[in-house]
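Hi,

Here is the structure I promised to pass on.

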Amino acid sequence: MAAAGCSDGNARLPLSLDAAKITSLPATAYYLPNFISEEEERMILDKIATAPRPRWKQLTHRRLQTWPSDLVQDRLLDAPLPPWLETPVVSRLLSLPLSDDHDGDAVRHIFADSPHQRPNHVLINEYPPGIGIMPHKDGAAYWPVVCTVSLGASICLNLYRNKEDGALDPDPAWRIIQEPRSLLITTATLYTDYLHGISDIKQDLDLSADTIVNWPLLRDPEAFASGQSVRQTRTSLTYRDVLKVSKVGNRLGLFNKR
Ligand SMILES: O=C(O)CCC(=O)C(=O)O
Ligand SMILES: [Fe+2]
């Protein structure tokens with residue numbers, strides 16, 4: 001089998017992240033179509049749908065879940081992720097080497113340098129058609145590696161930069177299509193210097209090899225050959241390593257640092 005760490009039918013992983021690099025971006029980013037299988041996608045969407053109602057936080061247009069819990073002052077209360085968010089995604093992330101030339105079983109994965117050497121937090125965002133997320137940075141709470149698994153439908157993520165006067169340039173500098181079941185990893189200055197957002201539109205437009213930086217890596221570029229993609233509800237899982245974790249059992253609100 002050519003796929004590394006992959007046990008399932010229509011999930012297909014490269015041997016290393018090297019082959020998945022989005023080469024036209026200013027910092028390291030990877031795009032892996034077919035990171036999970038259709039069956040895995042269905043399983044995760046079902047778990048999200050059947051989570052207890054209070055799990056959902058309703059924003060004006062969008063709703064989200066945080067696992068294992070919300071951060072308090074940028075801090076996570078130590079708790080495991082539920083098994084359905086661990087397997088297959090975390091196990092697969094940690095089994096994917098950064099490059100082909102690794103020594104035997106010493107796999108250097110994407111979280112090898114992060115404080116906990118694995119993601120400990122997952123944000124689940126649900127975007128109905130017409131709903132996006134304003135350009136933003138993810139802030140100081142996390143190690144600057146973001147792993148986003150997309151479920152249900154395709155969506156276009158925009159990367160923005162600030163102009164010389166510090167104001168946001170409203171035209172995206174780069175655009176990335178995220179197909180269902182894909183994994184997008186962004187790191188480094190894409191995390192610290194650039195902003196990301198999703199437009200509040202019902203249809204992504206002007207999609208082509210010239211406008212989409214991960215076009216050569218798409219699972220099915222033919223699906224976007226018309227240049228347009230009608231939005232359907234898209235759910236994302238954003239996996240990150242929260243830097244500060246508090247152990248349970250501390251009294252008087254005093255936290256142990258680790
Ligand atoms: O849904 C996405 O792909 C982006 C989510 C995001 O930017 C965030 O949760 O900070
Ligand atoms: Fe974000």
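Below is what turned up, starting with the overall build and moving on to the metal site and a few local details.

A word on the ground rules: this is a predicted model, where local features need pLDDT of at least 70 and side-chain atom pairs count only at pLDDT 80 or more, while totals for chains, interfaces and linings use all residues. Residues are numbered from 1 along each chain as its sequence is written, chains are lettered from A and ligands numbered from 1 in the order in which they are written, and side-chain values use heavy atoms, with hydrogens and water left out.

The overall build

You'll find three helices and 15 strands in the protein (DSSP runs numbered from the N terminus: H or I of at least four residues for helices, E of at least two for strands). Its radius of gyration is 18 Å, close to the 18 Å from the globule rule for 258 residues, so the protein is as compact as a globular protein of that length. That radius is taken over C-alpha atoms, and the rule is 2.2 Å times the number of residues to the power 0.38. Along the principal axes, the C-alpha atoms fill a box of roughly 60 × 45 × 40 Å.

Of the 258 residues, 49% are buried (under 20% relative accessible area; exposed is over 50% and partly exposed is in between, with a 1.4 Å probe and protein chains only). Among contacts with a separation of 6 or more, 77% are between residues 24 or more positions apart; a contact means heavy atoms within 4.5 Å.

The iron site

What holds the iron ion (ligand 2)? Its protein donors are His 136 (NE2), Asp 138 (OD) and His 196 (NE2), at 2.0 to 2.1 Å. Donors here are N, O and S atoms within 2.8 Å of the metal (3.2 Å for Na, K and Ca), and since water is not among the atoms, sites may look incomplete. Along the chain the donors of the iron ion follow the spacing H-x1-D-x57-H. His 136 sits in strand β6 (residues 133–136) and His 196 in strand β11 (residues 195–198), so this pair ties together parts that are 60 residues apart in sequence. His 136 is partly exposed at 22% relative accessibility, whereas His 196 is buried at 18%.

Take a look at Thr 233, in the loop between β13 (229–230) and β14 (234–240). Its relative accessibility of 38% makes it partly exposed. The C-alpha atoms of Thr 233 and Pro 129 are 5.7 Å apart, although 104 residues separate them along the chain. Beyond its neighbours within four places in sequence, Thr 233 has contacts that include Tyr 127, Pro 128, Leu 151 and Gly 152.

Most residues other than glycine have a negative phi, and most peptide bonds are trans. Here are some exceptions. The bond from Trp 67 to Pro 68 is cis, with omega near 0°, and Pro 68 is in the loop between β3 (63–67) and β4 (75–77). The bond from Thr 87 to Pro 88 is also cis, with omega near 10°; Pro 88 belongs to helix α2 (residues 83–95).

Gln 117 has a positive phi of about 55° without being a glycine. It lies in the loop between α2 and β5 (121–127) and is partly exposed, at 44%. Asp 206, not a glycine either, has a positive phi of about 60°. You'll find Asp 206 in the loop between β12 (203–204) and β13, exposed at 53%.

Best wishes
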